[in-house]
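Look over the sequence and the model below. The text then walks through the fold, pair by pair and contact by contact.

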Amino acid sequence: GSNERRYRLMPILNAQWQNGWFAGFPRGVGYNFSDNPQNEYGLRLSIDHGRKQNLSTALNGLGDIALRPELGAFYHRTLSREIKLNSGLRYGAGVDRRGALLDLGLNYRLTLAETSFLTLGIHTNYANNHYMQSYFGVTASQAASSGYAVSTPTAGLRELGLSAQYLYKID
């Protein structure tokens with residue numbers, strides 16, 4: 001909820017096995033039930049990393065949000081050789097563990113070589129009111145310790161972003 005920006009560069013490491021299981025960061029651990037690479041769907045367990053109030057002076061008095069496991073489901077649809085639609089639903093984040101996120105994204109994949117790819121994407125996610133209250137709201141007790149006014153945000157758009165990824169496929 002702060003107006004301060006923070007930029008992070010982080011590696012993404014994922015492994016996927018032929019039997020449908022996958023594991024990695026940030027996808028978590030899960031299973032793809034589909035044998036068709038054009039339509040992938042399944043279940044996963046991932047992590048909501050929470051928030052530490054000491055990350056920013058703007059968060060002082062708002063308290064920490066603990067790391068939480070999230071249960072999720074996903075559906076990905078390949079529209080063409082280059083274009084893929086991604087969607088997912090995650091549940092379990094936030095102070096009360098009832099935060100939910102709907103993730104939607106569209107990726108364009110450019111083949112650079114047989115094992116190298118550049119992926120450009122746009123993504124968004126929508127959050128329920130429990131998630132929004134945990135991360136962007138201010139309860140009465142938080143207002144007393146932070147000096148902010150009580151705030152109760154409703155469900156809605158949480159994030160809209162662009163991404164660029166370089167992928168190297170290890171066989």
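## A walk through the predicted model

Lys 84 is partly exposed, with 26% of relative accessible area. This is a residue of a predicted model. The partner of Lys 84 is Glu 40, and the two form a salt bridge with the closest N and O atoms 3.0 Å apart. The link spans distant parts of the chain: Lys 84 belongs to strand 6 (residues 83-93), Glu 40 to strand 4 (residues 39-48), and 44 residues separate them. Glu 40 has a relative accessible area of 12%. That value is under 20%, so Glu 40 counts as buried.

Strand 6 carries a second bridge. Arg 90 and Asp 103 meet through their side chains in a salt bridge of 2.8 Å, N to O. Arg 90 lies in strand 6 and Asp 103 in strand 7 (residues 99-113), so the pair ties together parts 13 residues apart in sequence. Arg 90 is buried at 15% relative accessible area. Asp 103 is buried as well, at 17%.

A further bridge joins Arg 158 to Glu 159, with 3.3 Å between the closest N and O atoms. Arg 158 is partly exposed, at 29% relative accessibility. Glu 159 is also partly exposed, at 29%. The structure has five salt bridges.

The chain has two helices and nine strands. Read from the N terminus, the elements run β-β-β-β-β-β-β-β-α-α-β. Along the principal axes, the C-alpha atoms fill a box of roughly 55 × 30 × 25 Å. Of the 171 residues, 31% count as buried. Among contacts with a separation of 6 or more, 44% come from residues 24 or more positions apart.

How confident is the predictor, and where? The mean pLDDT of the chain is 93, and 98% of the residues score at least 70. Strand 6 has the highest mean pLDDT among the elements, 98. Strand 1 (residues 13-16) has the lowest, 88.

Next, the interior. In soluble globular proteins, nonpolar side chains tend to be buried together. The largest nonpolar core here has seven residues: Ile 65, Ala 93, Leu 101, Ala 127, Tyr 131, Met 132 and Tyr 135. Which element gives the most to this core? Helix 1 (residues 129-136) does, with three residues. Met 132 is one of the core residues. Leaving aside residues up to four places away in sequence, Met 132 touches Ala 127, Gly 137, Pro 153, Thr 154, Ala 155, Gly 156 and Leu 157.

Is Ser 116 buried or exposed? Its relative accessibility is 9%. Buried means under 20%, so Ser 116 counts as buried. Ser 116 lies in strand 8 (residues 116-127). With residues up to four places away in sequence not counted, Ser 116 touches Leu 110, Thr 111, Tyr 166, Leu 167 and Tyr 168.

How many aromatic pairs does the structure hold? There are four. Tyr 31 and Phe 33 make one of them, at 4.9 Å centre to centre with 75° between the planes. An angle over 60 degrees counts as edge-to-face, so this pair is edge-to-face. Tyr 31 is partly exposed, with a relative accessible area of 26%. Phe 33 is partly exposed too, at 46% relative accessibility.

The charged end of Arg 27 sits over the ring of Phe 22, at 3.9 Å from its centre. Arg 109 places its charged end over the ring of Phe 117, at 3.7 Å from the centre.

Definitions and conventions:
Residues numbered from 1 in each chain as written. Predicted model: local features only at pLDDT ≥ 70, side-chain atom pairs only at ≥ 80, totals over all residues. Heavy atoms only, no water. Phe/Tyr/Trp six-rings, centres within 6.5 Å; stacked < 30°, edge-to-face > 60°. Buried < 20%, exposed > 50% of the residue type's maximum accessible area, 1.4 Å probe, protein only. Lys NZ or Arg CZ within 6 Å of the ring centre and 35° of its normal. Salt bridge = Lys/Arg side-chain N within 4 Å of Asp/Glu carboxyl O. Helix = DSSP H or I, 4+ residues; strand = E, 2+ residues; numbered from the N terminus. Contact = heavy atoms within 4.5 Å. pLDDT = per-residue confidence, 0-100. Core = buried A, V, L, I, M, F, W, Y, C linked by side-chain atoms within 4.5 Å.
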